[in-house]
Amino acid sequence: MDVNMLAEATQLIGDKGLACMGAAIGCGLVVIGAGKGIGNIGAGAVESIARQPEAGCRIFTSMLISAALIEGFTFFAIIVCLMAIGKF
């Protein structure tokens, strides 16, 4: 990345230019990580249910709780990223 281009972008945005860019990158990484985590949980649950169908209800419950915890952490991390630029 060209340093001059970065400097111009920060001047256009203002004093909080780097904070805005950092928050945007942080939010993107958080969402990508959450999507990957929930995808892995779903894939593992489907594979487990296919191998042992009688345990499907317990596996589904565990998957749902894990996905909810990941989503809760994702919302918390996005709010922290937005707090870094003073939106909240």
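At 6% relative accessibility, A45 counts as buried; the cut-offs are under 20% relative accessible area for buried, over 50% for exposed and in between for partly exposed, with a 1.4 Å probe and protein chains only. A45 lies in helix α2. Its C-alpha atom is 8.8 Å from that of S62, a residue 17 positions away in sequence. The model is predicted, so local features need pLDDT of at least 70 and side-chain atom pairs count only at pLDDT 80 or more, while totals for chains, interfaces and linings use all residues. Residues are numbered from 1 along each chain as its sequence is written, and side-chain values use heavy atoms, with hydrogens and water left out.

The secondary structure comprises three helices and zero strands. Both kinds of element are DSSP runs numbered from the N terminus: helices are H or I over at least four residues, and strands are E over at least two. From the N terminus, the order is α-α-α. Of the 88 residues, 22% are buried.

Helix α2 covers residues 17–51. Buried positions in α2 are G17, A23, G26, C27, V30, A34, G37, I41 and A45.

Two packed helices are described by the angle between their axes and the distance between the axes. Helix α3 takes in residues 56–84. It packs on α2 at an angle of about 180°, and the two axes are 9 Å apart. Axes are lines fitted to C-alpha atoms, for helices over the stretch in contact, and angles run from 0 to 180 degrees between N-to-C directions. The pair α2 and α3 is therefore roughly antiparallel. Residues of the α2 contact with α3 divide into 18 nonpolar, seven polar and one charged. Here Ala, Val, Leu, Ile, Met, Phe, Trp, Tyr, Cys and Pro count as nonpolar, Asp, Glu, Lys and Arg as charged, and the others, Gly among them, as polar.

I49 is also placed in α2. With a relative accessible area of 30%, I49 is partly exposed.

One salt bridge is present. The criterion is a side-chain nitrogen of Lys or Arg within 4 Å of a carboxyl oxygen of Asp or Glu. The side chains of E47 and R51 form the bridge, at 3.0 Å from N to O. Both residues belong to α2, and because they are four residues apart, about one helical turn separates them. E47 is partly exposed at 45% relative accessibility. R51 is exposed, at 67%.

Disulfides number zero, a disulfide being a pair of cysteine sulfur atoms within 2.5 Å. The sulfur of C81 has its closest cysteine sulfur in C27, 4.3 Å away and too far for a bond. C81 is buried, with a relative accessible area of 14%. C57, in contrast, is exposed at 60%.

Definitions and conventions
Parallel < 35°, antiparallel > 145°, perpendicular 65-115°, else oblique.
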